[in-house]
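Student: Please take a close look at one part of this model, the pairing of its charged side chains. I would like a connected account, with the cut-offs behind each term.

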Amino acid sequence: MAAHTPAEFTTFMSQLKETNQSLDFFCDFDKIHSNVDDIRLSLCMLNSLIGATDMRSAVETIWRRDKSAFNVMDILIAVRSEGKKKVLNSLGECVVLDTLFESIDGVMEFLNDTGLAEVLQSQKITNLVDYVFGVETGLDSNARKNRSGHVMENVVAGIFNENAIPYRTEVYSSEWPEISDALGDDEKRFDFVIETNDKTYLIEVNFYSGGGSKLNEVARSYSDIAPKINAVDGFEFVWITDGIGWNSAKNKLQEAFNIIPSIYNLTSIDAFLDVVK
């Protein structure tokens, strides 16, 4: 017997949300500010290069005071090399970018060949601290993919908190020998665990705004582990998922829907809250 009816699946699909991203998703300004603040003094010293008529002389002045100020220059071209980024120098040799900052000639090569010398001398940039804040904001947008994986977890955690439901996060299956036995050799990490007097709920959450092969893999995986967990007395597998990306993997999701009794989206999650309260 299927865990859900076709009508329930139709309702589930009609409730899927287009996005779960709020405005605070796009930029982590606390991190951006911290990154800029860490190199603020060096940037302030490099500000003296702005409008310099004799760039080499300006570089030499900073070099005599604190040559380490040049170590932050990679961020001026939106790069965090950390001794790993390799480039071709003016001789066509492959060198680590940071090594250019070990000499005045190297600094001049960096400024001239990147075009920064002209940008600074023509005062197209007026303040390197503000400029780097913008660069960091741009680089932070590349971190959105990492953040997106945690957005759904944060949303669900917020729902649990609002309803005063105690939970633990990132709990491994090895904590329960009976679950480890049921799952076999593969150790599983669950996003949330909720323990009540009657049952322990092992919970996975995810959100897919776009399609891809991963959705089929996830649905197949959960369809496999859910019956194994549910067969252990006192445990139940719960899957909270959402996102219109499931429209591209509707058939595979429906298969999982027929196997997993406890599957919810952000609209139907209230039903799960009623169970655990």
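Tutor: Glu170 and Arg189 form a salt bridge, with their closest N and O atoms 3.9 Å apart; the term requires a side-chain nitrogen of Lys or Arg within 4 Å of a carboxyl oxygen of Asp or Glu. This pair links distant parts of the chain, since Glu170 belongs to strand β3 and Arg189 to strand β4, 19 residues apart. Here strands (E, at least two residues) and helices (H or I, at least four) are DSSP runs numbered from the N terminus. The model is a predicted one, in which local features need pLDDT of at least 70 and side-chain atom pairs count only at pLDDT 80 or more, while totals for chains, interfaces and linings use all residues. Residues are numbered from 1 along each chain as its sequence is written, and side-chain values use heavy atoms, with hydrogens and water left out.

A salt bridge also forms between the side chains of Glu195 and Arg168, at 3.3 Å from N to O. Glu195 lies in β4 (residues 189-195) and Arg168 in β3 (residues 168-172), so this pair ties together parts that are 27 residues apart in sequence. As for accessibility, a residue is buried under 20% relative accessible area, exposed over 50% and partly exposed in between, using a 1.4 Å probe and protein chains only. On that scale Glu195 is partly exposed at 45%, and Arg168 is partly exposed at 30%. Glu170 is partly exposed as well, at 43%, and so is Arg189, at 36%.

Elsewhere, salt bridges that share partners join Arg56, Glu60 and Asp105 into one network. The setting of these residues is a helix pair: the axes of α4 (residues 55-66) and α5 (residues 104-114) come within 10 Å and cross at roughly 130 degrees, the axes being lines fitted to C-alpha atoms over the stretch in contact and the angles running from 0 to 180 degrees between N-to-C directions. That angle makes α4 oblique to α5, because angles under 35 degrees count as roughly parallel, over 145 as roughly antiparallel, 65 to 115 as roughly perpendicular and the rest as oblique. The contact, meaning heavy atoms within 4.5 Å, is made by Met55, Arg56, Val59, Glu60 and Trp63 of α4 together with Ile104, Asp105, Val107, Met108 and Leu111 of α5. These contact residues divide into seven nonpolar, no polar and three charged, where Ala, Val, Leu, Ile, Met, Phe, Trp, Tyr, Cys and Pro count as nonpolar, Asp, Glu, Lys and Arg as charged, and the others, Gly among them, as polar.

A further salt bridge joins Lys124 to Glu118, whose closest N and O atoms are 3.3 Å apart. Lys124 is exposed, with a relative accessible area of 58%, whereas Glu118 counts as partly exposed at 42%. In total the structure holds twelve salt bridges, of which the pairs described here are examples.

Ala164, although not a glycine, has a positive phi of about 55 degrees; its place is in the loop between α8 (144-162) and β3, and at 67% relative accessibility Ala164 counts as exposed.
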